[in-house]
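Here is a friendly walk through one model, written for a reader who likes cut-offs stated alongside the values. Please keep the viewer open as you read.

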Amino acid sequence: MQLTDDAVGHPVLAVLEGTPCQFCADGRLTRACYKGNAAVVCDDCETPTAQVWKGPGVACI
Ligand SMILES: [Zn+2]
């Protein structure tokens, strides 16, 4: 098993990154830290769409 030092390895975050925000017209989702979890948040309204707990292969940078 390989560990990565960012959130790239999580399939849910990888799928969601770059998709349009569900909560506003213009935003796109980008990986970020949210309350210490790895997450994808809107780059416009900053609403977190998904969060995953830190763990093997997933870290908050
Ligand atoms: Zn948004």
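Of the 61 residues in the protein chain, 18% are buried; a residue is called buried if 20 or more other C-beta atoms lie within 10 Å of its own, exposed if 12 or fewer, and partly exposed in between, with C-beta atoms placed from the backbone. The model is a predicted one, so to speak plainly of its limits: local features need pLDDT of at least 70, side-chain atom pairs count only at pLDDT 80 or more, and totals for chains, interfaces and linings use all residues. Numbering starts from 1 along each chain as its sequence is written.

How confident is the predictor, on average, in the protein chain? The mean pLDDT is 83, and 80% of the residues score at least 70, where pLDDT is the predictor's confidence in each residue, from 0 to 100. Confidence is lowest in α1, with a mean of 88, and highest in β2, at 92. Where pLDDT is low, predicted coordinates should not be read in detail.

**Elements and sheet**

The protein chain has one helix and three strands, and from the N terminus on they run α-β-β-β. Helices (H or I, at least four residues) and strands (E, at least two) are DSSP runs, numbered from the N terminus. The three strands form an open sheet in the order β1-β2-β3, with antiparallel pairing. Its edge strands are β1 and β3, each of which pairs on one side only. From one strand to the next, the twist averages 25 degrees; axes here are lines fitted to C-alpha atoms, for helices over the stretch in contact, and angles run from 0 to 180 degrees between N-to-C directions.

Two strands count as paired if DSSP finds at least two bridges between them. Strand β1 (residues 29-34) and β2 are joined in the antiparallel sense over six bridges, while β2 and strand β3 (residues 48-52) are joined in that sense over four bridges. Some of the facing residues are listed here.

| Residue | Opposite residue |
|---|---|
| Thr 30 | Val 41 in β2 |
| Ala 38 | Val 52 in β3 |

Which residue takes a positive phi in the hairpin of β1 and β2? It is Lys 35, in a hairpin with two residues between the strands. Phi of Lys 35 is near 50 degrees, a positive value in a residue other than glycine. Lys 35 sits in the loop between β1 and β2, and it is exposed because 8 other C-beta atoms lie within 10 Å.

The hairpin of β2 and β3 has five residues between the strands, and there Glu 46 takes the positive phi. Its value is near 65 degrees, again in a residue other than glycine. Glu 46 belongs to the loop between β2 and β3 and is partly exposed, because 14 other C-beta atoms lie within 10 Å. As background, most residues other than glycine have a negative phi.

Strand β2 (residues 37-42) is mostly covered, with five of its six residues buried. The largest nonpolar core has eight residues in all: Leu 13, Cys 21, Leu 29, Ala 38, Ala 39, Val 40, Val 41 and Cys 42. Strand β2 gives the most to this core, with five residues. A nonpolar core is a set of buried Ala, Val, Leu, Ile, Met, Phe, Trp, Tyr and Cys residues joined through C-beta atoms within 7 Å. In soluble globular proteins, nonpolar side chains tend to be buried together.

Why does His 10 count as buried? His 10 does so because it has 24 C-beta neighbours inside 10 Å. This residue is found in the segment before α1 (11-16). His 10 and Lys 54 are 44 residues apart in sequence and 10.0 Å apart in space, C-alpha to C-alpha.

For the chain as a whole, 36% of the contacts between residues at least 6 apart in sequence join residues at least 24 apart. Two residues are in contact if their C-beta atoms, placed from the backbone, lie within 7 Å.
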